[in-house]
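I opened this entry to keep track of what I looked up in the structure.

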Amino acid sequence: MVNNVSVLGHGNPVIASTAYRQWSRLNTNSRFNFNAVAEFSERLLAKVPKNLDTVFLVNSGTEAVDLALRLSKAFTKREDVLCCEESYHGWSLAADAVSTSTSDNPQAAQSRPAWVHVVDAPNDYRGTHRGEGAGVRYAEDAARLLHQLERDGKPIGTFIAEPRNGNAGAIGTPRGYLNAVYATVRNHGGVCIADEVQVGYGRLGAHFWGFEEHGAEPDIITMAKAMGNGHPLGAVITRREIADALAAQGAFFSSSGGSTLSSRIGLTVLDVIESDKLQANAAAVGQILTDGFTELMNKHDIIGTAHGMGLYQGLEFVRDHVTLEPAAEETRAICARMLQLGIIVLPTGDRQNILKIKPPLCFTAESARFFLRMLDKVLREGW
Ligand SMILES: Cc1ncc(COP(=O)(O)O)c(C=O)c1O
């Protein structure tokens, strides 16, 4: 239930033969331009809003985030970055600096550099603002911080966020938030990065990218994980003027990022996602999970809420529906029992009380029903 990297599933024969063919022929420095690099970049551009026209190919999500932050800094000539609580963006110095999740880095708050500023996680289930209108209220809080930082002589150059907090358990960004924060950041001369490393690439079913859920358009998109089906591959997509700002500081290149092999694999992953209709599968099978969770929620008090959509879902366990006390120990016990029944599922989030559900996109209806049956059994047994 936890493999958002191998989107096509394990041992995919089409990927294996693509890799064999390309290795048998040529695999070299992506500093040289090969058809595969151009073809793959163009296929990616066909998937993003029209005003984004420049692709950088890298090896991982961390590299993509690091490069995105560098691009934004070069373009805005500003150091300061705004990010959200309970987020993860990677392990490099810059990506780690904007990673706030205490489950990923218990020292996150103490090790944070002065150029990183943090707003509340926009969570309308258990956050500062809840229910209807929460998105607007969270966005107002962000605007207040932006004004304050500008007055303090530290104007924000970059806003980075996952369009849906995948790391915390597919928690939806409340309606109105993303567009409002993007507008405020841009009004203050900043640039907006959508980190699609987890939620992008068709996993949400209804949308290929997470930002599409909000009708929002980022200035920079970072992506990885699913792109290579496990082969190291990531990308940053942005506008030419932003890319040019970095070019003025020196040429970007990565010896193996976007190599001939990686680009061929990237193209093949997109081919299979399309030919096997995996985004539609994510929507259809995801709906079975959503309906199943609604049923389970009526039967088992421990389920507080179900987050997510498509094949990115998070089932949140609480001890009390009013206090929302996180049921972390119970979540761990449920995962342990599920493992005995043949299902790998893990807790996620800063409170470790959410089941992270992100199987490969070839996940079948039969598997979804089996998972729901086993979960029902475990919840009936108790822990
Ligand atoms: C949202 C997000 N961004 C960036 C990264 C970093 O990607 P990678 O592990 O490929 O370096 C991750 C990894 O989990 C992630 O979830």
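My notes follow, by topic.

**Salt bridges.** I worked from a predicted model. With a cut-off of 4 Å between a Lys or Arg side-chain nitrogen and an Asp or Glu carboxyl oxygen, I got 21 salt bridges. I then looked at three of them.

I looked up R43 and found a salt bridge with D271, with 2.9 Å between the closest N and O atoms. R43 belongs to helix α2 (residues 35–45) and D271 to helix α8 (residues 260–275), so this pair ties together parts that are 228 residues apart in sequence. I noted R43 as partly exposed at 25% relative accessible area, and D271 as partly exposed at 38%.

Next I took R175 and E132, whose side chains meet in a salt bridge at 3.8 Å, N to O. Both ends are in loops: R175 between β6 (171–172) and α6 (177–187), E132 between β3 (116–119) and α5 (134–151). The pair therefore ties together parts that are 43 residues apart in sequence. R175 is exposed, with a relative accessible area of 67%, and E132 counts as exposed at 66%.

I placed D219 in the loop between β7 and β8, and R239 in the loop between β9 (234–238) and α7, so parts 20 residues apart in sequence are tied together. Buried means under 20% relative accessible area; D219 is buried at 5% and R239 is buried at 17%. I also checked for shared partners: R43, K47, D271 and E274 are joined by salt bridges into one network.

**Helix pair.** At what angle do the axes of α3 and α7 cross? I read roughly 85 degrees for α3 (residues 61–76) and α7 (residues 240–247), with the axes coming within 8 Å. That makes α3 roughly perpendicular to α7. From α3 the contact uses L67, R70, L71, A74 and F75; from α7 it uses E241, I242, A243, A245 and L246.

**G202.** I found G202 in the loop between β7 (191–195) and β8 (220–223). At 0% relative accessibility, G202 counts as buried. Leaving out residues up to four places away in sequence, I listed its contacts as H207, F208, Q279, A282 and L361. G202 and A284 are 82 residues apart in sequence and 12 Å apart in space, C-alpha to C-alpha.

**Surface patch.** I noted a nonpolar surface patch of about 300 Å², made by L339, I344 and L346. I344 sits in the loop between α10 (328–340) and β12 (346–348), and counts as exposed at 55% relative accessibility.

Terms used:
Residues numbered from 1 in each chain as written. Predicted model: local features only at pLDDT ≥ 70, side-chain atom pairs only at ≥ 80, totals over all residues. Heavy atoms only, no water. Patch = residues over 30% accessible without salt bridge, like charges linked within 9 Å, V, L, I, M, F, W, Y side chains within 5 Å. Areas by Shrake-Rupley, 256 points an atom, 1.4 Å probe, with all protein chains shown as cover. Helix = DSSP H or I, 4+ residues; strand = E, 2+ residues; numbered from the N terminus. Buried < 20%, exposed > 50% of the residue type's maximum accessible area, 1.4 Å probe, protein only. Contact = heavy atoms within 4.5 Å. Axes fitted to C-alpha atoms, helices over the stretch in contact; angles between N-to-C directions. Parallel < 35°, antiparallel > 145°, perpendicular 65-115°, else oblique.
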